[in-house]
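Dear colleague,

I am passing on a structure for you to look through, and my notes on it follow directly below.

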Amino acid sequence: MASATPLPPSAPPAGFYAAAAKIYPREVDGRFSRLRKAAVVVLLGLFYGFAWLDWNGHQALLFDLPARKFHIFGLTLWPQDFLYLTLLLIVAALSLFFFTALAGRLWCGYACPQTVWTELFVWIEQWTEGSRLQRMKLDRAPWRAAKLLRKSGKQVLWLTLALFTGFTFVGYFTPIRSLAAQILSLSLGPWPWFWVFLYSLATYGNAGFLREQVCKYMCPYARFQSAMFDKDTLIISYDEQRGEPRGARRRGSVARSVGLGDCIDCTMCVQVCPTGIDIRHGLQYECIACGACIDACDQVMDKMGTARGLIRYTTEHALRGERTRIARTRLVVYAVLISAALGALTFLLLTRTPLILDVLRDRNALYREVHGDRIENAYTLKMINLDDQPHRYRVTVSGMRGLELIAPVGEVPLPPGSVNSIAARLEAPRELSGGVHRIVLTLAAVDGSGSAVHENARFIGPKP
Amino acid sequence: MRGVRGLDVALVLWPSFLAACAASLLFFAAVDPVVLRDAGPRLFAGLDREAGYALGFLFFWGSAALASAISVYLIRTARAESRAADVPGER
């Protein structure tokens, strides 16, 4: 990707992934790293915690693939509700565009699972192997007992975390409590094991081993996100005019009087970067906008007694001394589209009837004469209660004079999420039933839940 | 042709994994694997729904990986000059 600002050309592309040098990100503290840590705690807390949350006697979030039903708190979604998922994905994609246009790669820096789990794995690495310098020294050191202990300790913790992550992930698709019981009693079938191991392997490989290489070589979003950028997008940028010419100087010396800019070329911004780039080369697609370089540079500027913000969140317009416009056409269009999709989703969910009625005519006979002067038609009614509560229903008929429901009379109970097929018989006097009549069957809940569905059918009598 | 490199393996497996996820989601939202099993040959008799999802996913992954592999193979075995002509802006 070409750099958007007229800064020095970016570094030559790194080698292919097997040959890429290992990156040892230096630990950093500051506004953005605290924000990222908070995001890690909240997001992983949600992921590991929500699987165990119950709602009305069932798991609150359960995408029950074996039963082909999604439970989302009080809502139960069936395969025929795929439209909701589609709308939700559209909202998610548009939101990604909106926030990228507004403030760059917020997703990458704070919310992407790759970032979040990598952060967690790096914490473990720092805990077992120490700081950046200690880790580099350890990797160069010969294999002795201390190194073996630290390295194997890290691997054990990583693998345990990866396995627990895989288990939690599968716990969103099969009930997590019975999954745990089956694992502990070693009675889990082969396919759940396959998914647990696949997701564990993905977590371990992506967060422990591949890390920034996922962002640099594997992520499609990293390559096209710049299409959402414009000159008013907030990006992390090095203020070249203020920083150059860079160079070391005595503490306390006034930069301009010794012919230098504010950058002391301490390379802290490079050392803390999890993707190993130099932000001073300008905007690069490897930058995941984590803000570590801002935190590092601010600390250095504080020590040097110069103003913070040599590396900061800014816009291309602001860097050039021009005005930044936040409310611009692109953002307004994204916002309108998001609102429309969210509105449609909300409307459809609120007006959703958790009940389905299918009416099938009896294939054996068009009609049957009963009691000498009456005509009977037979049907099969297929009823599905899509709700997660049991309901009682009553069938009624309309649309034809003299039409009477013979069966089913009374209430039809349906357990939550169940399908029931029952035989229905309708009768009408012979003199009123000649020919084909359009009728309507109505299935309505009688317990005050208000659900009702109507289905068209035909009633056929002898030719007049 | 040079030997197969780590990057080639990643370029084949990773995009096809993403494609297989999307394909599985769409396909199994519309089709119940149990219905497919009952309608199909006796080969799949005895498999449950979870096995159906897993096999379906692996099938999609395999198909997409085959397509990716052919793409990578064609790019890697092309003459250097035609590759340069095809991709003028290549870094």
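Which domains does the domain assignment of chain A give? The assignment gives domain 1, made up of 24-77 + 112-210, and domain 2, which covers 355-460. Please keep in mind throughout that this is a predicted model.

The centres of domain 1 of chain A and domain 2 of chain A, taken over C-alpha atoms, are separated by 52 Å, and the contact between these domains draws on five residues from domain 1 and four residues from domain 2. On the side of domain 1 of chain A that touches domain 2 of chain A, there are no nonpolar residues, while four are polar and one is charged.

As for confidence, chain A has a mean pLDDT of 87, with 96% of its residues at 70 or more. The exception I would point out is residues 1-18 of chain A, where the pLDDT is below 50, although in the model this stretch has 35 contacts beyond near neighbours in sequence.

Turning to the packing of helices, α1 (residues 31-50) and α13 (residues 292-304) of chain A have axes that come within 7 Å and cross at roughly 140°. In this pair, Arg31(A), Phe32(A) and Ser33(A) of α1(A) meet Ala292(A), Ile294(A) and Asp295(A) of α13(A), and by class the contact comprises three nonpolar, one polar and two charged residues.

Chain A also holds an open sheet of three strands, which run in the order β3-β4-β5 with antiparallel pairing. Its edge strands, each pairing on one side only, are β3 (61-64) and β5 (75-77) of chain A, and neighbouring strands of the sheet are turned against each other by 15° on average, direction ignored. Between β3(A) and β4 (residues 69-72) of chain A, the antiparallel pairing extends over four bridges, and Phe63(A) stands opposite Phe70(A), the latter in β4(A).

Finally, there is the interface between the chains, where 13 residues of chain B are in contact with 14 residues of chain A. On the side of chain B that touches chain A, the elements giving two or more residues are α1 (6-30) and α3 (49-77) of chain B. By class, that side of chain B has seven nonpolar residues, one polar residue and five charged residues.

How values were computed:
Residues are numbered from 1 along each chain as its sequence is written. Chains are lettered from A and ligands numbered from 1 in the order in which they are written. This is a predicted model: local features need pLDDT of at least 70, side-chain atom pairs count only at pLDDT 80 or more; totals for chains, interfaces and linings use all residues. Two residues are in contact if their C-beta atoms, placed from the backbone, lie within 7 Å. Ala, Val, Leu, Ile, Met, Phe, Trp, Tyr, Cys and Pro count as nonpolar, Asp, Glu, Lys and Arg as charged, and the others, Gly among them, as polar. Domain bounds come from an automatic or database domain assignment. pLDDT is the predictor's confidence in each residue, from 0 to 100. Axes are lines fitted to C-alpha atoms, for helices over the stretch in contact, and angles run from 0 to 180 degrees between N-to-C directions. Two strands pair if DSSP finds at least two bridges between them.
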